[in-house]
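This report looks at how two chains meet and at how one of them is folded. Please have the sequence and the structure in view while reading.

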Amino acid sequence: MVFEVFRQERKGQPFQHAGALAAPNAEFAEAWAREQYGRRQESEALWVVPRDEIRAVHDFPDELHKTYHRVDGYSLKAKLKEARQRAESAGALSARADLP
Amino acid sequence: MDARTQEFVEEVQGGGHVETSDWMPEEYRAKLIKFIEMHGNSELMGVLPEREWILRAPTLQRKLALTAKVQDEVGHAQLIYRVVEDLGKPRAQSLQDLVDGKAKFHNVFHYPTKTWGDVGVIAWLVDAAAIISQKALLKCSYAPYARIMKKICWEESFHILHGRDVILTMMNGTDEQRELVQEALTRWWGPLMTFHGTAIPADEDPMVFWRIKSQGNEEARQQFLDGYVPQIWELGLTVPDPKLRKRDDGVWEYSEPDWDELKRVVTGNGPKTAERLDLRRRFLEQEAWVRDVVLADAA
Ligand SMILES: [Fe+2]
Ligand SMILES: [Fe+2]
C-alpha cells in the first residue's frame, strides 16, 4: 500500500505534502513516517493518509466563462477613465453655472 | 517526433513540471526510471563502505553519527525507489536488477575504505560532490523527484558537516593522523574527478534535453573544484594533481581523469563491486522471510 505523508513544520502552519512511502498497513506506515519525517525533530505533526483514500481533482472546466469569480473578470480601468471624465466635465459645467 | 511529444518537450524545456499522473512520452519515462533508479542504487550501495566502519569508529559519538548517516542514506534510497515505483518499476525489481548486476551505481561506491581517513574524506568530499548534483536536481522537470530532493539535500548537508568535522579533528591531531587523511585524499581524488562524468556538452546530453538534469557534467565538476579545493589546500593537504590550478578567468585546469577506469568500475568491475553486491544479495535473501511475514499479515 502507498501512503502519502503531510507534514507540519511548526505549530499553526499549514500541512504540506512531504512524500510517499510504501507500507503493508497503517501501523507500519506510521513507523516509517516517523523515521523519515520526524527523527530530527523537524516536524510538529504528520498526517499519514492511504493514497487510495485521496480524491484527486485536476480539471476545472469553465464552460460558462464565469469571470466574475476572478480578478481578471473586472476591467475597471476603461470604465473608471470614462467615469472620471464625466465627473470632470460635469464639474466644469457647474463651476461655470456659479459665475454671475 | 509527433506533435504531442513536441509540445511536451517545449513544456519541459521551458521550465514546466510533470506529475506522475500526467501523460509523458515513453522515452522520457524510460530515461527517468534509469536515471532515478541509479540514484537510488547509489544511495543504497553507498552505505556499504561506511557500514564497514560503524564497529570501528573511534568514539561513541562518531559511531552514532556514522550510524545516523547510514540511516539517512538508506532513507534516501527508500524515497527514491518510491518515485521509480510510481513511474512503473516496482522496488523489488529494482533491487533484483541491482543484485543481478544489471543496474549501475555511482563509481565512488565501488572502492574500498582502508582507514578512518577514508570515512572522513567520503563524508566530506564524496557527499559534497553528490550534493552539487542533487541541488541541481531541485530543478528537475519531473516534480515528484525534485520535491524529495529538498529533504535529501537538507540531510546531505549534515553529512558534509560530519565529514569535515572528522577531517579537522584528524588534521589537528598527530602526524600519523594527518598522514591518514593525506593518503585517503590521494586515494579518492581520481574517483572524485570522474564522479560527475565526462565533459559532455549540456546541449548534447539527453538528460539535459528532457530537463531531467539542468546542469552539465563539467559545470558540476568546476563547481566542486571551486568550492572544495581551497578548503583542502588551506588545511595543508596536497591534491595529487600537479596540473591543478585556477586560471585567471576562474576556470579550473586539471589533468585528464582516467575515464577508462570510470567505465570499467561502473560496469561492475570495481575493486569492491562483486563483494558489495554479494553482501546486498545475501541480505536480500536472508531477510525475505520478514517481507513474507509482514505482507502475509497485512493481506
Ligand atoms: Fe544520500
Ligand atoms: Fe550523504
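A salt bridge is counted here where a side-chain nitrogen of Lys or Arg lies within 4 Å of a carboxyl oxygen of Asp or Glu. In this predicted model, the side chains of Arg51(A) and Asp86(B) meet that rule, with 2.7 Å from N to O. Across the interface of chain A and chain B, the rule finds 5 salt bridges, and the count of residue pairs in polar contact between the two chains, with both residues at pLDDT 80 or more, is 9.

On the side of chain A that touches chain B, the elements that give two or more residues are strand E2 (16-22) and helix H1 (26-38) of chain A. The largest share of that side comes from H1(A), which gives 5 residues. By class, the side of chain A that touches chain B holds 8 nonpolar, 3 polar and 5 charged residues.

The size of an interface is often expressed as the accessible area that is lost when the parts come together. The table gives the extent of the contact.

| Item | Value |
|---|---|
| Residues of chain A in contact with chain B | 16 residues |
| Residues of chain B in contact with chain A | 17 residues |
| Area buried between chain A and chain B | about 1,400 Å² |
| Share of that area from carbon and sulfur atoms | 49% |

Within chain A, three strands form an open sheet in the order E2-E1-E3, with antiparallel pairing. Its edge strands are E2 and strand E3 (45-50) of chain A, each of which pairs on one side only, and the twist averages 25° from one strand to the next. Strand E1 (residues 2-8) of chain A pairs with E2(A) in the antiparallel sense over 6 bridges, and Val5(A) has Gly19(A) in E2(A) as its bridge partner. H1(A) lies across E1, E2 and E3 of chain A and runs at about 125° to E2(A).

Key
Residues are numbered from 1 along each chain as its sequence is written. Chains are lettered from A and ligands numbered from 1 in the order in which they are written. This is a predicted model: local features need pLDDT of at least 70, side-chain atom pairs count only at pLDDT 80 or more; totals for chains, interfaces and linings use all residues. Side-chain values use heavy atoms; hydrogens and water are left out. Contact means heavy atoms within 4.5 Å. Buried area is the accessible area (1.4 Å probe) that two parts lose on being put together, summed over both. A polar contact is a pair of N or O atoms within 3.5 Å; within protein, one must be able to donate a hydrogen and the other to accept it, and residues adjacent in sequence count only if both atoms are side-chain atoms. Helices (H or I, at least four residues) and strands (E, at least two) are DSSP runs, numbered from the N terminus. Ala, Val, Leu, Ile, Met, Phe, Trp, Tyr, Cys and Pro count as nonpolar, Asp, Glu, Lys and Arg as charged, and the others, Gly among them, as polar. Two strands pair if DSSP finds at least two bridges between them. Axes are lines fitted to C-alpha atoms, for helices over the stretch in contact, and angles run from 0 to 180 degrees between N-to-C directions.
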